[in-house]
Structure formats: structure tokens, C-alpha cells
Amino acid sequence: MLAAALALLPATAPAASNNKAQAAEAQHSTAADARIGKQLDGLGYKYEVDEDGDYKLTFDMGEDRSQLGFVISRTESYGKHKVREVWAPAYRSSGEQFPVEIANKLLEDSQSSKMGAWVKQGNMAVFVVKIPADASDQELDDALDYALRAADLMEKELSPGKDEF
């Protein structure tokens, strides 16, 4: 059933005129989205803008732990949906592939997550929450909070005694 539905995706994709706008938007930009900086300032968060134009934040998680988080400046679209990603890394594999037990743990955790899921970025596991590109300050704050807590809990479980992120 799902395979049949997925086979229909190209036929139900946005019209060609919208595809040009999406292609232009998808091009990698290193410009920081000033709207995010304004929101983070309003929330009282300290941040830096990295070389990709994304907002990098570090939060104190208590118990002598910190957690790294990112708000991605570039947005992505599909049809009428326009989303922004909030990232929090939690695991770094020694090789390109994750051990089977780790990959399965991340998949199982993604299934039970209220918001977001685990993704593989190179040799790292990153928790990603997708929010509306025009999310309110509270929605952005909630997404950051959820991603950071999920990532820190997973990092503690997968790398006991370590706090890399």
C-alpha cells in the first residue's frame, strides 16, 4: 500500500512553475535568515552564525552536560508546505556506517517521538524537528527544547559518560 502511494509522488508533485521557485530556494545559501536571529534574540538565547549561515546554540542541560543545537536558515518546500529544520546531534560513529544496534535504536526512538526523528548526517546521528518556516517564537522554542532534550538523552544512552555534543 505504502509503495503504491509513494509511486504516485512524482505524479502529484507541485506544478512546474512552483518547481522553479523550489529549485532556486533549494540552492545552498550561506546567508543567515535574520528572522531567526531576531527570534533567538527575543528568546534571550546566545548563538553564533556558522559558515553555512545556520544558527548554532549551546545549552546547559544540567548534571554537568551541555547540548549543541542548530536552527537551519535555509527553508525547504513541498507544495504549500514551507519548513525549517532544528537540529541536535547526539552520536558520532567511528566509521561511515552505524552499528546495527545503534541504527535500530534510533529508528525505534523516531517511531515513538512526538516531534521529529533521527537522521544520518555522514557519520553522525542528528535529531531533526521540522517546523513551519514562519513558526512563532514559542513554536521555535518548543522545537529547540524537544530536539535538545531528545538528543541529550540519546547521547547519554549511546555514549555513557561522554558529552561530545
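W118 and F127 are both buried, where buried means under 20% relative accessible area, exposed over 50% and partly exposed in between, with a 1.4 Å probe and protein chains only. Keep in mind that this is a predicted model, in which local features need pLDDT of at least 70, side-chain atom pairs count only at pLDDT 80 or more, and totals for chains, interfaces and linings use all residues. Residues are numbered from 1 along each chain as its sequence is written, and side-chain values use heavy atoms, leaving out hydrogens and water.

W118 and F127 also belong to one aromatic cluster together with Y146. As for pairs, rings of Phe, Tyr and Trp (its six-membered ring) count if their centres lie within 6.5 Å; planes under 30 degrees apart are stacked, over 60 edge-to-face, and the rest tilted. That rule gives 5 aromatic pairs. One of them joins Y47 and Y55, edge-to-face, at 5.1 Å centre to centre with 70 degrees between the planes. Y47 is partly exposed at 28% relative accessible area, while Y55 is buried at 4%. W118 and F127 pair edge-to-face too, at 5.0 Å centre to centre and 75 degrees between the planes.

Now for the nonpolar core, meaning a set of buried Ala, Val, Leu, Ile, Met, Phe, Trp, Tyr and Cys residues joined through side-chain atoms within 4.5 Å. The largest one has 28 residues, and V86, L106, W118 and L144 touch the most other members. Two or more residues each come from α4 (34-42), β2 (55-62), β5 (81-92), α5 (100-112), β7 (124-132) and α6 (137-158); these are DSSP runs numbered from the N terminus, helices being H or I of at least four residues and strands E of at least two. α6 gives the most, with 9 residues. Leaving aside residues up to four places away in sequence, L144 touches L40, Y45, L57, F59, V71 and V86, contact being heavy atoms within 4.5 Å.

An α-helix has 3.6 residues a turn, so residues three or four places apart point the same way. After α4 comes G44, with a positive phi near 80 degrees.
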